[in-house]
Structure formats: C-alpha cells, structure tokens
Amino acid sequence: MWVIISSILALFMACVALYIRMKAARKPATIRKIILPPLFMSTGFLMFLYPPTRVPWGEALEAFVVGIIFSFLLIRTSSFERRSDAIYLKRSKVFVYILLGLLLFRIVLKLYLGQYISIEETSGLFFILAFGMLAPWRIAMYLKFKKLQAIH
C-alpha cells in the first residue's frame, strides 16, 4: 500500500517539477534559483536522525552514484541562452521524457527493492539517489550559467 501511495506522490512531484521547469523558462535565470533547490533539499538528510531510515554506507554510496549517473541525462538537456540582457533556461522537449523515464525507472526499482528492505530504508536510499541527481545537475547548471554570464 505504501509503495502505491509513494509512487503516486512521486508522480505528483514529477508533474510539479515539470510545471516549475516550464514556468522557470519564461523568467530570467539567476544564480540563486540554481543553487537554492539543492540547499533546500539537503535539509532532508535530517531524516537519518530517525534510526529506521539509516542505511549502510555502501548502499548509500551506491544510491548516490546511481543518482550521479542519472544526473548526466539532466545535465545534457539543460542549457541556457542569452535573450537581450538576461540569461534564460532553454526549453528542451526531451527533458519531459527523460524526467518521466527516470520516474518510471525509480518506481519500478522501488517496487522491487520494497520487497527486500523496509519502507524507511527505501525512502532513505531514494532520497540519497534524488540528491545524487540534483546536486551535480545544479552544479553543472551553475557552471554553464557562469560561463554564459562571462561572455557578455
């Protein structure tokens, strides 16, 4: 039951992320808008103060590495363009499909892993995986932004 609820929530969050991404492309990008999401998300590591969510270091490292691998898809589909005096996030039609594909993969993986480990540990692992995707993606976006900013 929890797997179904968490999968529905993941789908909802993906829709929210797509909406935010589409809306963000209409306004100029800023360093603050690039850096804040991983900072806000990092507060989620407080969940590991609750002992049932703790996972072995090896599994945590594996989840983080898988997140980094997934981030390459996001990095490749995120770029900026200069319009007049501002820098905007360039829309990518492929981004929607990549995000939905990653979501589907995560749901299938969660269904599989949920048979072997507790919901708390699964939550911890998938949080680490998501942070492993978000942090490198945003770092790459920051570097691309600064590079385009320096050109002008």
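Predicted model: local features only at pLDDT ≥ 70, side-chain atom pairs only at ≥ 80, totals over all residues.
Residues count from 1 along each chain as its sequence is written. Local features need pLDDT of at least 70 and side-chain atom pairs pLDDT 80 or more, while totals for chains, interfaces and linings use all residues.

Let's start with the hairpin. Strands β1 (residues 79–83) and β2 (residues 86–90) run antiparallel and are joined by five bridges; strands are DSSP E runs of at least two residues, helices H or I runs of at least four, numbered from the N terminus, and two strands pair if DSSP finds at least two bridges between them. Glu81 has Tyr88 of β2 as its bridge partner. Two residues sit between the strands, and Ser84 takes a positive phi near 50°.

Next, the spaces. On a 1 Å grid over the protein atoms alone, a cavity is a set of points where a 1.4 Å probe fits but cannot get out, and a pocket is an open set with protein on both sides within 12 Å along at least five of seven lines; lining residues have an atom within 4 Å of a point. A volume is the space filled by probe spheres set on the points, which are joined across faces, edges and corners.

| Space | Volume |
|---|---|
| Largest pocket | about 1,400 Å³ |
| Largest cavity | about 50 Å³ |

Of the 39 residues lining the largest pocket, Met13, Ala17, Met41, Leu134 and Trp137 are the closest to its centre. Helices α1 (2–24), α2 (31–42), α4 (93–113) and α5 (119–151) each give two or more residues to that lining.

The lining of the largest cavity includes Arg21, Lys90 and Phe95, and α1 and α4 each supply at least two of its residues.

Terms used:
Heavy atoms only, no water.
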